[in-house]
Amino acid sequence: MKKINSLICIALAGLTTVSCEDFLTLMPLNDIVLENFWTDKSDVESVLLGAYSALEKSDCVVRMGIWGEMRSDNVKAGKNTSDDILQITRDNILETNSYTTYKCFYDVINRANTVLHFAPIVAAEDPNYTGAELQANEAEAIALRSLSYWYLIRAYKDVPYTTIPSIDDTHDFFIPQTSFDEILDSLIYDLERVKKYAVNKYPTENANTARFTRAAIYAMLADMYLWKGDYDKCIEACEWVSERKRFEMLELIDKQGTDCTIRLFPGELDGSLYDASDPTYPLITETPVGKEAGNAYNENFGTGNSFEILFELPYDQTTSNPFVGTYYNDKNSTIGQLKALPEIGNGFGNGGVNKVFLSPTDGRYYQNINSDGTGDYGIMKYVYQTIRYDLSSGVITGTKTTEKRNNAEPNWVIYRYTDVLLMEAEAKTMKAAALGEDPSLAPERNQLLAEAFKLVDAVNQRAICKRQYGDMATELKASTYATSVENMENLVLDERRRELMFEGKRWFDLVRQARRDGNTRRLLQRLSASEKFESSVKSAVTIKLSDMNALYFPLNKDEIKINTLLKQNPVYIEDEFIQKAK
């Protein structure tokens, strides 16, 4: 491996963006660094911030969006689409596809590993670097490393895993893959170990969503426990976040008084399966008293850094979001490289019944998409700077006032509070499923389903815009959904689609359900029922996705050439032979 020969290179590695060189050939940090760079706590902070910066760069955030959305029943190819993007939307992915590379995430991982290696050494030398500061920095570095591996294993399943930084020539970084389950267990162990040391609140307001806090770590743990099937631990992590949010709500009320737009949901309950005295959940209302509807969207996706955001990648007018501006829409276009599936847009505006949204009073229908007038629907989440609804008649009339961004600078949300509420709802539903059909367990099963329904209802109710002055209204009925595990499981997955649409979550949700089922039957049912695939490719996609391994991306051919210990996902080996034969 090459050695770093100057402190300038080290400063650049920590403070600015370097190209996403292959992790296995990253330049090591030699003893000059230890003697001359890693001398005080500011050095630790600068390299830690460099890891955040690396996560925000184009290759990482674009892959977050592509890996999490493009194969789902939310999107299909739009206009001026590259062939690589077109093939992913058709689920025809080869090892030569440029979006199968993962090097940039290993850049983040190596930066985090480097911080974890040198920070304790700096703490021993710098008397101003306290033990609490060291532990907080370590918690952030582990969270960044864990998030990077979390994206990698959900996209690829088995990937190379190391916690050793590339700092000299003594370690061999040509390593084989580690299994999904083994990596997941390691990530959970690390996060559990450091979560109590993470910062609850930073002195700078924007840092509370742009850097990992304790609440963001709990949200990531809840996500991991949900995939692992440890539903009690998932619920425990989610409830910690809710308690934190209730505390923050009280702080905001004290600070903002009547201007505070946080409300407790659910509001109006049908009372059939749960008691209105049960805990409620603080969310930003879409329809604050005396203001037009659309407020929650504007705070979460227009302004950013909102009460509900737990962790997001920040962008501004000088640093554009590289995913939204290219693949969704921009100020001058209606359809970008991706567009929404027709079923998401067709319906209410044309006098029909929408297949995704349950009610024309659901504000998310108007926030996520916009028709170009030819039957196509552009993706508008993140693109709108502001959106306001006319509720003069008491309900949404379809009239909306919007303002697009001058630049594609929206923050990219990774975890927000409604995501956590829906994770908890899914965990409680799965706990109910585990009880089986034993009549003696019916009270416990019904209680879990009722609690799950309440969580979904809170999220759904916030989105409903029925009345001009912010009264909360229930659209969902517990008597319809909370009476069976199957109904509740479908409701949770559908609500996650409505709430988190185009946020890089949908494909991962479908994969998680398939992993739980042990087969792809229900995933295929959802894809087949959508309008994603042309009839000419639908049968081929169905055959391919019947193999669980096909849920994951292939390793890029260049990665396998560099590291001969890597093993290609078996479902793609046949495609590799076909390519070589041509």
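Predicted model: local features only at pLDDT ≥ 70, side-chain atom pairs only at ≥ 80, totals over all residues.
Me: Which residues of α10 and α16 meet?

Reply: With contact taken as heavy atoms within 4.5 Å, Ala 219, Ala 222, Asp 223 and Leu 226 of α10 meet Val 420, Met 423, Glu 426 and Ala 427 of α16. Sorted by class, this contact of α10 with α16 holds six nonpolar, two charged and no polar residues. In this sorting Ala, Val, Leu, Ile, Met, Phe, Trp, Tyr, Cys and Pro are nonpolar, Asp, Glu, Lys and Arg are charged, and the others, Gly among them, are polar.

Me: At about what angle do helix α3 (residues 41-56) and helix α6 (residues 103-125) pack?

Reply: Their angle is about 165°, and the axes of α3 and α6 lie 9 Å apart; the pair is therefore roughly antiparallel. Among the residues that make the contact are Val 44, Leu 48 and Ala 51 of α3, together with Val 108, Arg 111 and Val 115 of α6. By class, the contact of α3 with α6 has eleven nonpolar, one polar and three charged residues.

Me: How far apart are the axes of α17 and helix α19 (residues 485-500)?

Reply: The axes of α17 and α19 are 10 Å apart, at an angle of about 25°, and these helices are therefore roughly parallel to each other. Phe 453 and Arg 462 of α17 are among the contact residues, as are Leu 491 and Glu 499 of α19.

Me: How much space lies in the largest cavity?

Reply: On a 1 Å grid over the protein atoms alone, a cavity is a set of points where a 1.4 Å probe fits but cannot get out, a pocket is an open set with protein on both sides within 12 Å along at least five of seven lines, and lining residues have an atom within 4 Å of a point. Points are joined across faces, edges and corners, and a volume is the space filled by probe spheres set on them. The largest cavity holds about 90 Å³, and of its 13 lining residues the closest to the centre are Glu 286, Arg 364, Gln 367, Arg 462 and Glu 499. α12 (295-303) gives the most to this lining of the largest cavity, with four residues.

Me: Which element gives the most residues to the lining of the largest pocket?

Reply: The largest pocket has about 670 Å³ of space, and Glu 205, Glu 248, Leu 252, Ser 306 and Phe 307 are the closest to its centre of the 25 lining residues. Helix α11 (231-256) is one of the elements that supply two or more residues to the lining of the largest pocket, and α11 gives the most, with seven. The lining of the largest pocket divides into six nonpolar, ten polar and nine charged residues.

Definitions and conventions:
Residues numbered from 1 in each chain as written. Heavy atoms only, no water. Axes fitted to C-alpha atoms, helices over the stretch in contact; angles between N-to-C directions. Parallel < 35°, antiparallel > 145°, perpendicular 65-115°, else oblique.
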